[in-house]
Amino acid sequence: MTKALVVYDSYFGNTERIAQSIGDALGRAEDVETLRVGNVRPEQLAGLKLFVVGSPTRAFRPTEAIKTFLKSIPRNGLKGVKVAAFDTRITEEEIESAVFILRFLVNIFGYAAKPIADKLEKKGGKLIAAPEGFFVHGTEGPLKEGELERAAEWAKQIQAKQ
């Protein structure tokens, strides 16, 4: 039985690369599974110890596929499961140099990781790490240098809290 599950959605491959880095850092392949959201079966959530969900930030929110998946989890379906959430987003430098309205909207609506974390908690999960964002240059990437290593380090910090 899988002890940890990392579920993600990805448009340009950046979030997938971060998810794989997180999954690899969490442990051995027989203990950790990393799956695109469309490949997750409901029974894979049974008996989990750790559940990590990630999405690119699209219009300040997770993708529709991630939102639909999270809604499908039964109430208290994550009871007793430790959870964490991440997203990919444009760099802070790009936001600062963008038009005022983008900076304003980011300050109001934020990024995808927080609503994912909130939904995981509403489903009964115990949040064990603050929602985390990993940086991508522009809309399509590439990932900012060092982000795969930072994702692995974040995963190791999560692993230490188990």
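Me: How much space lies in the second largest pocket?
Reply: This is a predicted model, and the figure is computed from it. The space that lies in the second largest pocket comes to about 150 Å³.

Me: Which element gives the largest share of the lining of the second largest pocket?
Reply: The residues that line this pocket include Arg61, Pro62, Lys67, Leu70 and Lys71, and also Pro115, Ile116, Asp118, Lys119 and Lys122. Two or more lining residues come from helix 2 (64-72) and likewise from helix 5 (113-122). The largest share, 5 residues, is given by helix 5.

Me: How many residues of the lining of the second largest pocket are charged?
Reply: Among the residues of the lining are Arg61, Asp118 and Lys122, alongside Pro62 and Leu70. When the lining is divided by residue class, there are 4 nonpolar residues and no polar ones, while the number of charged residues is 6.

Me: Is phenylalanine 109 buried, partly exposed or exposed?
Reply: Phenylalanine 109 belongs to helix 4 (residues 100-109), and together with Phe104 and Ile108 this residue forms a nonpolar surface patch with about 310 Å² of accessible area. Buried would require under 20% relative accessible area and exposed over 50%. Because its relative accessibility is 48%, phenylalanine 109 counts as partly exposed.

Me: How far apart in space are arginine 75 and glycine 110?
Reply: Arginine 75 lies in the loop between helix 2 and strand 4 (82-90), and with 74% relative accessibility this residue counts as exposed. Arginine 75 and glycine 110 are 35 residues apart in sequence, and in space their C-alpha to C-alpha distance is 25 Å.

Me: Is the peptide bond from glycine 141 to proline 142 cis or trans?
Reply: Proline 142 is located in the loop between strand 6 (132-136) and helix 6 (147-160). For the peptide bond from glycine 141 to proline 142, omega is near 20°, and the bond is cis.

Terms used: Residues are numbered from 1 along each chain as its sequence is written. This is a predicted model: local features need pLDDT of at least 70, side-chain atom pairs count only at pLDDT 80 or more; totals for chains, interfaces and linings use all residues. Side-chain values use heavy atoms; hydrogens and water are left out. Patches are made of residues with over 30% relative accessible area and no salt bridge: like charges are joined within 9 Å, nonpolar side chains (Val, Leu, Ile, Met, Phe, Trp, Tyr) within 5 Å. Accessible areas come from the Shrake-Rupley method with a 1.4 Å probe; for residues, only the protein chains shown count as cover. A salt bridge is a side-chain nitrogen of Lys or Arg within 4 Å of a carboxyl oxygen of Asp or Glu. Helices (H or I, at least four residues) and strands (E, at least two) are DSSP runs, numbered from the N terminus. Buried means under 20% relative accessible area, exposed over 50%, partly exposed in between (1.4 Å probe, protein chains only). On a 1 Å grid over the protein atoms alone, a cavity is a set of points where a 1.4 Å probe fits but cannot get out, and a pocket is an open set with protein on both sides within 12 Å along at least five of seven lines; lining residues have an atom within 4 Å of a point. Grid points are joined across faces, edges and corners, and a volume is the space filled by probe spheres set on the points. Ala, Val, Leu, Ile, Met, Phe, Trp, Tyr, Cys and Pro count as nonpolar, Asp, Glu, Lys and Arg as charged, and the others, Gly among them, as polar.
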